[in-house]
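Work through the exercises below with the sequence and the coordinates open. Each task is followed by a solution in steps.

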Amino acid sequence: MSSVNRSVATLAAVLMGLASPAVASGNEGAVAVETAAVALGPNQFVWTDTASADPVNIVINIAEQRAYVYRGETLIAATTVSTGKDGKDTPSGTFTILQKKIDHKSNLYDSAPMPFMQRLTWDGVAIHAGKNPGYPASHGCIRVPLAFAKKLYGITAVGTTVTVVGADGEIAPTVYDGTGTASETASANKAGLQVASR
């Protein structure tokens with residue numbers, strides 16, 4: 001099993017309550033991040049990256065309004081987030097970063113600034129710096145604190161895996177391949193299907 005597959009399997013176990021991030025990683029730094037993550041308020045984060053060569057994986061938990069960043073199987077950072085509000089839900093599933101841009105403006109919402117944008121879907125879902133009130137308030141994007149967005153941008157690449165866990169705590173089986181829209185991905189998630197290439 002590759003390290004990325006092991007990491008995703010570990011993340012699945014963590015998010016399904018089979019293991020805690022600290023137990024899964026076996027790392028004291030991960031314990032500190034996990035402990036701090038519980039008490040974070042809006043616009044707060046914890047970051048303990050050692051910059052190892054292990055691949056980076058990101059988990060967004062909509063129910064918790066938290067993001068967790070792993071290097072391999074080690075939890076290195078956590079932050080509060082603001083995901084999509086009712087009617088503009090952030091789709092769940094497994095995504096890869098499709099595009100990165102430091103100074104991006106929204107094509108959909110009056111050129112709203114989206115600093116350190118990391119695109120997950122071609123129809124407008126991304127991780128970026130933005131208002132983080134402590135509850136879902138975005139148009140579907142995943143907003144993170146500015147300083148966290150800058151750090152995260154620096155350690156990711158196009159192709160980095162991002163797993164978005166739904167509000168029900170489930171990890172949808174869908175793997176978004178960049179060809180469908182967010183609504184197609186969300187529909188496929190509900191049906192338990194994968195979005196196919198066109």
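The exercises cover overall composition, the sheet, the nonpolar cores and a salt bridge in this predicted model.

**Exercise 1. Composition**

Task: State how many helices and strands the protein has, and what share of its residues is buried.

Solution. Step 1: the secondary structure consists of five helices and 10 strands. Step 2: the protein has 198 residues, and 48% of them count as buried. Step 3: for the surface, the accessible area is about 9,200 Å², with 55% of it belonging to carbon and sulfur atoms. Step 4: among contacts with a separation of 6 or more, 57% are between residues 24 or more positions apart.

**Exercise 2. The nonpolar cores**

Task: Find which element gives the largest share of the largest nonpolar core, then list the contacts of Ile 127.

Solution. Step 1: the largest nonpolar core has 26 residues. Those with the most contacts inside this core include Ile 60, Leu 120, Ile 127 and Leu 152. Step 2: the elements supplying at least two residues each are strands S2 (56-61), S3 (66-71), S4 (74-80), S8 (126-129), S9 (142-144) and S10 (161-165), together with helix H4 (146-155). Step 3: H4 gives the largest share, five residues. Step 4: leaving aside neighbours within four places in sequence, Ile 127 is in contact with Ile 58, Phe 116, Met 117, Gln 118, Leu 120, Ile 142, Val 144, Leu 152 and Val 162. Step 5: a second, separate core has 10 residues, among them Leu 40, Val 46, Val 59 and Leu 75.

**Exercise 3. The salt bridge**

Task: Locate the one salt bridge of the structure and decide whether Arg 71 is buried or exposed.

Solution. Step 1: the side chains of Asp 49 and Arg 71 form the salt bridge, at 2.6 Å from N to O. Step 2: Asp 49 lies in the loop between S1 (45-47) and S2, while Arg 71 is in S3. The two are 22 residues apart, and the pair links distant parts of the chain. Step 3: the cut-off for buried is under 20% relative accessible area. Arg 71 has 9% relative accessibility and therefore counts as buried.

Key:
Residues are numbered from 1 along each chain as its sequence is written. This is a predicted model: local features need pLDDT of at least 70, side-chain atom pairs count only at pLDDT 80 or more; totals for chains, interfaces and linings use all residues. Side-chain values use heavy atoms; hydrogens and water are left out. A nonpolar core is a set of buried Ala, Val, Leu, Ile, Met, Phe, Trp, Tyr and Cys residues joined through side-chain atoms within 4.5 Å. Buried means under 20% relative accessible area, exposed over 50%, partly exposed in between (1.4 Å probe, protein chains only). Helices (H or I, at least four residues) and strands (E, at least two) are DSSP runs, numbered from the N terminus. Contact means heavy atoms within 4.5 Å. A salt bridge is a side-chain nitrogen of Lys or Arg within 4 Å of a carboxyl oxygen of Asp or Glu. Accessible areas come from the Shrake-Rupley method with a 1.4 Å probe; for residues, only the protein chains shown count as cover.
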